[in-house]
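Please read it with the structure in view.

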Amino acid sequence: MERYLIMKDGTVYTGTAIGGSGTVIGEAVFTTSMCGYLLTLSDPSYYGQIVMHTFPMIGNYGAIESDAESDKPELRGYIVRELCDVGSNYRKESELDDYLKKYNIVGIAGIDTRALTRKIRSAGVMNAMITDSLKDLPEKIAQIKKYKVNGAVEKTSCKEPTEINKPDETHKYRVVLYDFGAKRNIERMLEKYGCSVVRVPYNTTAEQVMAYDPDGIMLSNGGGNPADNTGVIEELKKLNAHKLPTFGICLGHQLMALSFGAQTVKLKYGHRGGNQPVKDLETGRTYITSQNHGYAVKADSLDPAVGKVRFINANDKTVEGIDYTCAPAFSVQFHPEACGGPKDMELLFERFVDMMKANKK
């Protein structure tokens, strides 16, 4: 069955229907990841967005839900050049199209994804619609133009505190994980490095966090505009005064910067994929990282008395990490816990644990 992708500028791409049924509007973005498509689908940071893969064939190992980063996909729509009908993997639980239908993710296949990537890189991220009909096209374009991603953190955060694992001889450090749309692998990595984890909702107060008597605080990834989360930023300001070891990832990195008085800005088309080069300004070494974000911290907005830029993107020089000098805290824009990407920066979890160990002494 024919399906259409309508862009905000009126461009129409004709393809084939995949996944669920209906009409969806979202912010069209692209990811350059060559593997880990299920991790992309289940990453809550894609809330409100229509995600396109630049890699030409998707679905070659089917769907393995046990690998998912969340309970269900939060993205609005899905775009691929070619969908593999029969995946080949001994762990396969279903075909990818079955997974899309299960969660009613409306998708389109068979369009020229290279042309669409060039459009987004040239014009910037733009809203789009996936639909089965071109009827009333002017009205549809008007709807597309009005769309805005709202409430991403509120919609994807957990609703109640959850103790992921209890303290024991192996897990000595108590960490409160703020869930702004957290990927499961953050929990797994904290456990791996000897942490007892309590995941809490986005609206947990500083007082409630301190009641857990934590050794450290983890600020998770998430979707949407970081500056929209004014309540969270105010609570983080209160927590900063306690000078607990704090580690922020992606949205958590941006929210920490905002709590320390810096500013954020929306990027033209963002960084999404598993091949983003990041330079460590302290050592001069460059790492390949996994990323998924559309906003960045403004380097010149960071008070030198508060912190310093530690990592930058080797392509566009945007801020990729901050070391704070006024508190035992650091944050990164990329994903050191990436399961479907490079593991070069996994060592940052070790750094976090060392920080908690030193703070205890």
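1. Basis. This is a predicted model, in which local features need pLDDT of at least 70 and side-chain atom pairs count only at pLDDT 80 or more, while totals for chains, interfaces and linings use all residues. Residues are numbered from 1 along each chain as its sequence is written, and side-chain values use heavy atoms, with hydrogens and water left out.

2. Strand 12. Helices (H or I, at least four residues) and strands (E, at least two) are DSSP runs, numbered from the N terminus. Strand 12 covers residues 195-200, and six of the six are buried, so the strand is largely enclosed by the rest of the structure. Buried means under 20% relative accessible area, exposed over 50%, and partly exposed in between (1.4 Å probe, protein chains only). In a regular strand, side chains alternate between the two faces of the sheet. Here Cys195, Val197 and Arg199 point one way, and Ser196, Val198 and Val200 the other way.

3. Partners of strand 12. Two strands pair if DSSP finds at least two bridges between them. Strand 10 (residues 162-163) runs antiparallel to strand 12 and is joined to it by two bridges, with Glu163 opposite Val198. Strand 11 (residues 173-180) pairs with strand 12 in the parallel sense over six bridges, and Tyr173 has Cys195 as its bridge partner. Between strands 11 and 12 the chain passes through helix 6 (residues 184-192), a right-handed β-α-β crossover. Right-handed means that, with the strands pointing away from the viewer, the path from the first strand over the helix to the second runs clockwise.

4. Salt bridges. A salt bridge is a side-chain nitrogen of Lys or Arg within 4 Å of a carboxyl oxygen of Asp or Glu; by this rule there are 23. Glu163 also takes part in one, with Lys166 (2.8 Å, N to O). Glu163 is partly exposed at 35%, and Lys166 is exposed at 57%.

5. A pair within a helix. Lys238 and Glu235 form a salt bridge at 3.2 Å, N to O. The two lie three residues apart in helix 8 (residues 230-240), which means a separation of about one helical turn. Lys238 is partly exposed at 47%, whereas Glu235 is buried at 15%.

6. A buried pair. Arg310 and Asp323 form a salt bridge at 2.9 Å, N to O. This pair links strand 17 (residues 307-313) to strand 18 (residues 319-324), across 13 residues. Arg310 is buried at 12%, as is Asp323 at 8%.
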